[in-house]
Amino acid sequence: MAVPKTIGILGGMGPEATVLMMQRIIEATPAKCDQDHIPLLVDNNPQVPSRIDHLIHRTGEDPGPVLARMAQRLQDMGAEALAMPCNTAHRYAPVIEAGCDIPLINMVEAVADQIAGAMGPGARVGLLGSPALRLTGLFDAPMQARGLHMIYPQDDGKLLHLIQTIKAEGPTSQARASLTEIAGQMRDRGVDRLVTACTEFSLLFRDLDLPVPSFDSLDAVCKAVVGFALPQIPVRCAS
């Protein structure tokens with residue numbers, strides 16, 4: 001197998017999601033021995049300023065400069081591309097890309113590509129994520145460019161509370177029940193597909209029994225990472 005490219009991970013958002021990203025990349029890599037796996041350089045920095053405080057509450061420090069410095073460090077260490085296990089932090093993608101000379105494998109674009117490939121134009125896509133995604137319109141343009149229609153929860157404050165609870169308490173059975181209930185409300189509004197667009201929800205995703213066929217944003221970007229690092233090799237699908 002060809003020598004894989006080295007990927008730098010802008011991590012710490014959150015720490016568990018960073019570890020999960022590494023696991024999902026390993027899982028998606030069609031390796032037969034250690035040397036077939038993708039080299040990963042990880043800056044697991046939980047001190048990145050709060051994206052919620054900056055984008056929703058308008059009180060916090062701008063995370064962009066911190067993320068740009070992390071990107072430059074990873075490039076200096078030998079990364080040939082970057083990935084980031086946080087949907088909301090992709091609001092700062094232009095700052096990250098301006099701060100280095102290597103590409104960011106964009107989670108939002110990866111999700112939009114995966115859904116468009118599976119569904120085609122006209123699909124109604126429900127987004128389960130932070131209210132910051134709606135406020136910034138982060139997914140809107142990529143989805144619209146592919147003919148997909150975005151549907152947001154009527155009360156995404158509940159999702160924010162759930163994200164904060166998972167960060168504090170972990171992926172509990174109560175968290176799974178709460179997310180499943182919100183997914184049921186989205187089904188009743190006629191969505192064709194759901195996207196878990198917060199990597200705290202990715203911690204729960206494979207244990208969920210959602211009422212609508214669903215995609216996980218972390219799975220999507222990890223497959224894109226493997227496709228970049230090993231462009232001639234088919235990506236291994238999760239069971």
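Q: Why is threonine 18 called buried?

A: Threonine 18 has a relative accessible area of 1%, and buried means under 20%, whereas exposed means over 50% and partly exposed lies in between (1.4 Å probe, protein chains only); threonine 18 therefore counts as buried. This is a predicted model, in which local features need pLDDT of at least 70 and side-chain atom pairs count only at pLDDT 80 or more, while totals for chains, interfaces and linings use all residues. Residues are numbered from 1 along each chain as its sequence is written, and side-chain values use heavy atoms, with hydrogens and water left out.

Q: Where is threonine 18 placed, and which residues does threonine 18 touch?

A: Threonine 18 is in helix α1, where helices (H or I, at least four residues) and strands (E, at least two) are DSSP runs numbered from the N terminus. Leaving aside residues up to four places away in sequence, threonine 18 touches Ile9, Gly11, Gly12, Met13, Val42, Asn44 and Pro85, with contact meaning heavy atoms within 4.5 Å. The side chain of threonine 18 also reaches the backbone nitrogen of glycine 12 at 2.8 Å.

Q: How do you know that glutamate 27 forms a salt bridge with arginine 206?

A: The closest N and O atoms of glutamate 27 and arginine 206 are 2.8 Å apart, and a salt bridge requires a side-chain nitrogen of Lys or Arg within 4 Å of a carboxyl oxygen of Asp or Glu, so the pair qualifies.

Q: What makes arginine 206 and aspartate 219 a salt bridge?

A: The closest N and O atoms of arginine 206 and aspartate 219 are 3.0 Å apart, so the distance falls within the cut-off already given for a salt bridge. Because arginine 206 lies in the loop between α10 and β7 and aspartate 219 in helix α11, the pair ties together parts that are 13 residues apart in sequence. Aspartate 219, at 12% relative accessibility, counts as buried. A further salt bridge joins aspartate 216 to arginine 24, with their closest N and O atoms 3.1 Å apart. Arg24, Glu27, Arg206, Asp216 and Asp219 are linked in a network of salt bridges.

Q: Is lysine 167 buried or partly exposed, and is glutamate 200 buried or partly exposed?

A: Lysine 167, at 45% relative accessibility, counts as partly exposed, whereas glutamate 200, with a relative accessible area of 5%, is buried. Lysine 167 and glutamate 200 form a salt bridge in which the closest N and O atoms are 2.9 Å apart. Lysine 167 lies in helix α8 (residues 157–169) and glutamate 200 in helix α10, so the pair ties together parts that are 33 residues apart in sequence.

Q: Why is leucine 208 called buried?

A: Leucine 208 has a relative accessible area of 14%, which is under the 20% limit, and therefore counts as buried. Leucine 208 is found in the loop between α10 and β7. Apart from residues up to four places away in sequence, leucine 208 touches Arg176, Leu179 and Thr180. The C-alpha atoms of leucine 208 and leucine 179, 29 residues apart along the chain, are separated by 8.5 Å.

Q: How is the protein divided into domains, and what area is buried between domain 1 and domain 2?

A: Domain 1 covers 7–106 + 222–229 and domain 2 covers 107–217, with bounds that come from an automatic or database domain assignment. The contact takes 21 residues from domain 1 and 24 residues from domain 2. About 1,800 Å² is buried between domain 1 and domain 2, with carbon and sulfur atoms giving 56%; buried area here is the accessible area (1.4 Å probe) that two parts lose on being put together, summed over both. Arg24, Asn87 and Asn106 supply 35% of the area that domain 1 buries against domain 2, more than any other three residues. Across this interface the rule finds two salt bridges.

Notes:
Polar contact = N/O pair within 3.5 Å; in protein donor to acceptor, adjacent residues only side chain to side chain.
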